[in-house]
Amino acid sequence: KTRGKVYGFMNLAWPLAMIPGPFLAGYLADHYGWNYCFYIVTCISFVCLVPAFLLNEPRGSTKGTTPKVHRTTSLTRQGFYLVGVFSFIQFFGNAARGILSPVVPLYLTDKFQVDKTQVGLFFSIGYGLAILISQIPAGIIADRYGRRNTMVYAISLTPFISVLWPWLDSYALLTIL
């Protein structure tokens, strides 16, 4: 009954995190160089791991099954906790994306001297194709190993990928990464 309100509350994390991200990215790139953008994203991504490890599978659920839903008219203590954890993950995850979004095209053209078509190709492969390819296995993996474990493992890759960006000198390798 309150799912819409809860999702609305959780989704506040997206725009709130996207407000400081682009400004911070520009400031870091201007004053400290490109590498610091990626180092900050790496640190913020590690922060997302903390609440991800705090999540538990719902009571009564086993891997591969959906738990029985109990309808209530108010947000329970456990529900409030889950909303808080997810909001925390969303806030910091989107802050990291807010830093990267405006920086990536500038970074690619500055570091690799690529044209607009190659920047577009980078986004098509790195965001469009990668997300498309991951959708089917993600659901299968979540059903098999649990939603929490799948989320934790997926989130835990982000800091390690982010920290590699400044060290790659090849546009092709970065696109694959």
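**Chat about a helical model**

Q: Where does T158 lie?
A: T158 lies in helix α7. This is a predicted model, and the positions discussed here come from it.

Q: Is T158 buried, partly exposed or exposed?
A: T158 is partly exposed, because its relative accessible area is 34%, and the buried class stops under 20% while the exposed class starts over 50%.

Q: How far apart are the C-alpha atoms of T158 and G93?
A: They are separated by 9.4 Å. Along the chain, T158 and G93 are 65 residues apart.

Q: Stepping back, how many helices and strands are there?
A: The protein has 8 helices and 0 strands. Reading along the sequence gives the pattern α-α-α-α-α-α-α-α.

Q: What share of the residues counts as buried?
A: Of the 177 residues, 31% count as buried.

Q: And the contacts, what share joins residues at least 24 apart?
A: That share is 82%, taken among contacts between residues at least 6 apart in sequence.

Q: What is the mean pLDDT of the protein?
A: The mean pLDDT is 78, and 81% of the residues reach 70 or more.

Q: New topic. How do the axes of α5 and α6 cross?
A: The axes of α5 and helix α6, which covers residues 116-145, come within 10 Å and cross at roughly 125°. That angle makes α5 oblique to α6. The crossing of α5 past α6 is right-handed.

Q: Which residues of α5 and α6 meet there?
A: On the α5 side they are V104, P105, L108 and T109. On the α6 side they are V119, F122, F123 and Y127.

Q: Take V119. Is V119 buried or exposed?
A: V119, which has its place in helix α6, is buried, because its relative accessible area is 10% and buried means under 20%.

Q: What is V119 in contact with?
A: Leaving aside neighbours within four places in sequence, V119 contacts P105, L108, T109, V114 and Y171. The C-alpha atoms of V119 and V104 are separated by 8.5 Å, and the two residues are 15 apart along the chain.

Q: What about the loop between α5 and α6, where Q113 lies: what is the phi of Q113?
A: Phi of Q113 is near 50°, which is a positive value in a residue other than glycine. Q113 counts as exposed, at 61% relative accessibility.

Q: Back to α5. At what angle does α5 pack with α3?
A: Helix α3, residues 20-32, and α5 pack at an angle of about 55°, with their axes 7 Å apart. The two helices are therefore oblique to each other. Their crossing is right-handed.

Q: Which residues of α3 and α5 meet?
A: G21, P22, L24 and A25 in α3 meet A95, G98, I99, P102 and V103 in α5.

Q: What do the buried residues of α4 pack against?
A: They pack against α3, α5 and α7. Helix α4 covers residues 34-54, and its buried residues include C37, F38, V41, I44, C48 and L49.

Q: How many salt bridges does a search of the whole structure find?
A: The search finds 1 salt bridge. In this salt bridge the side chains of K111 and D169 meet, at 3.7 Å from N to O. K111 is in helix α5 (residues 77-112) and D169 is in the loop between α7 and α8, so the pair ties together parts that are 58 residues apart in sequence.

Q: Why do such side chains pair?
A: Side chains of opposite charge can pair when their charged atoms come close.

Q: And K111 and D169: buried, partly exposed or exposed?
A: K111 counts as partly exposed, at 26% relative accessibility. D169 is exposed, with a relative accessible area of 67%.

Q: Last one. In which helix is T175, and what does T175 touch?
A: T175 is in helix α8 and counts as buried, at 10% relative accessibility. Not counting residues up to four places away in sequence, T175 touches F122 and I125. F122 is also one of the α6 residues that meet α5.

Terms used
Residues numbered from 1 in each chain as written. Predicted model: local features only at pLDDT ≥ 70, side-chain atom pairs only at ≥ 80, totals over all residues. Heavy atoms only, no water. Salt bridge = Lys/Arg side-chain N within 4 Å of Asp/Glu carboxyl O. Helix = DSSP H or I, 4+ residues; strand = E, 2+ residues; numbered from the N terminus. Buried < 20%, exposed > 50% of the residue type's maximum accessible area, 1.4 Å probe, protein only. pLDDT = per-residue confidence, 0-100. Axes fitted to C-alpha atoms, helices over the stretch in contact; angles between N-to-C directions. Parallel < 35°, antiparallel > 145°, perpendicular 65-115°, else oblique. Left-handed = near helix turned anticlockwise from the far one by under 90°. Contact = heavy atoms within 4.5 Å.
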